[in-house]
Amino acid sequence: MKITRRTAIKSLAAASLAAPRLFAQRPIPRNAPNILFIMTDDQRKDALSIYGNPILKTPGIDRIGAEGARFDDFFVTNSLCAPSRAVYLTGLYSHMNGVTTNGFGDPFRNQGGLREDQETFVSLLHDAGWYTGLIGKWHLRSLPAGFDQWAIFPGGGGPYLDPPMNANGVPLRMRGHSDDIVGDQTLEFLDKRPKDRPFLLLMNFKSPHRNWVPAKRFENAFAGIDIPLPRTYEDRLDTDALRRARMAIASMPDFKSTDKDFNYQALVKNYYRTLLSVDENVGRALAALDKLELASNTLILFGSDNGFFLGEYGLYDKRLMYDPAIRVPMLVRWPGRVQPGTVDSSLVTNVDVAPTLLEIAGIPVPPWMQGTSFLPLLERKLVEWRDAFYYEFHEYPDYDHCARKHRGLRTEKWKLIEFWEKPVEYELYDLQKDPDETKNLASSNPRMVRELKSRMEALRRELGAVDPPGAVPAVGPCTPGAR
Ligand SMILES: [Ca+2]
């Protein structure tokens, strides 16, 4: 077998969890920060009390934003688990990093997951001397690369209770609730890590992903509370895409009921309940950083891989380019560098995280990365920033939800969505006059459709996005009206 540098690093890491730092290319900068990147699964922005949720209280997570920065317009460029995670790791759009879907249904694209030789912010920090760890959900099909130690749940996150794990190649069966296991292992990582160098830890919760099994102690939270309905609960967008999509709360199988209101209450309550155990375990991790006197030199990010519909347009799930599915929380605490109470509403996306972490670590950002470091925004520096971003979704027809392939451009005022396969369809929303995205202006304002489409095409050329050969009609098992 040919021994490449990366396989050599991997075998060393496998041989000893505290592998000596043989491959650091340059001295680690003095005071180089530790990085704790906490990620939840399918958590929409407003499912936190720091973002104004009137029912769910999340003091553990809120502390990160209150003692640091809160981003109000942070978006993902592909609202789906594996693709969004690959974007975060690589600083590349889905069409460039190859992880365009969770692995279903797209005959044109790489189905193999993240390539193990793909450089990520993790592998670059590792090579620069950081001790790198990963705990929890991974979902990228290939095994984690660039980590000194890892312990992952299977597939998209495994079961909530007594999940199996794969720890550095060794199969394990765990006991307890998924979120508590992630919390316990985080504390163990913080305690046992090598103390002679900074660490990077990805703390990846499965919550609040389907099938929403709360920890026993939170099973009865929100009992007796009537969750208010979103304004668009009864709205029906009259588009081919939504006639095909199978994402209606009224017909979701999870709660063995076809009563839309019953399903809505059960869905939101269980979604919130799983976040209570995340919040508790984030609180434990923060307390451990305080106790170990690491807090002052540890950068914490809290984010999510995609948003989620909780009743908007009568839907659940994500995928579609409406704001509830593409907007996510992003909180950043970095004592001494980020002023407590910082609030930013620039259009920042998951493509920007990898370059940001590299700049913070003092590592040159590779020119192939497509995101932009938002360190200047964190430090409240005046900086020119983008006024639009590109979105893409490729997983059609998938095994379940039938959300058509689409792409689009979102500015602060406008959103253009293009379903590029036949039947080709456009949606246009004025986000300032119609923030709930209920009035499709595509046919009444063709001039704006043309203008935004031409901006999107220019951006796509810049980002290296090309159509797959022979775009095909949107056929398959997804017939309109089946939802
Ligand atoms: Ca997800």
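## The calcium site

Let's start with the geometry around the calcium ion in this predicted model. The six donor atoms subtend angles of 52 to 158° at the ion, which makes the arrangement irregular. An octahedral site would need opposite donors over 155 degrees apart and all others between 65 and 115, so the angle of 52° already rules that label out.

Which residues coordinate the calcium ion? They are Asp-41, Asp-42, Cys-81, Asp-305 and Asn-306, with distances of 2.2 to 2.6 Å. Along the chain, the donors follow the spacing D-D-x38-C-x223-D-N.

## Aromatic pairs and a cluster

Now to the rings. The structure holds 20 aromatic pairs. One of them joins Trp-138 and Phe-147: the ring centres are 5.8 Å apart and the planes stand at 90°, so the pair is edge-to-face. Both residues of this pair, Trp-138 and Phe-147, are buried.

Elsewhere in the list of aromatic features, Trp-212, Phe-222, Phe-255, Tyr-271, Tyr-272 and Phe-308 form one cluster.

## Lysines over rings

In one, the charged end of Lys-260 sits over the ring of Tyr-233, at 4.0 Å from the ring centre. In another, Lys-413 lies over the face of Trp-414, with 5.1 Å to the centre of that ring.

Definitions and conventions: Residues are numbered from 1 along each chain as its sequence is written. This is a predicted model: local features need pLDDT of at least 70, side-chain atom pairs count only at pLDDT 80 or more; totals for chains, interfaces and linings use all residues. Side-chain values use heavy atoms; hydrogens and water are left out. Donors are N, O and S atoms within 2.8 Å of the metal (3.2 Å for Na, K and Ca); water is not among the atoms, so sites may look incomplete. Four donors count as tetrahedral if all angles lie between 85 and 135 degrees; four count as square planar and six as octahedral if opposite donors are over 155 degrees apart and all others between 65 and 115; anything else is irregular. Rings of Phe, Tyr and Trp (its six-membered ring) pair if their centres lie within 6.5 Å; planes under 30 degrees apart count as stacked, over 60 as edge-to-face and the rest as tilted. Buried means under 20% relative accessible area, exposed over 50%, partly exposed in between (1.4 Å probe, protein chains only). A charge sits over a ring if NZ of Lys or CZ of Arg is within 6 Å of the ring centre and within 35 degrees of the ring normal.
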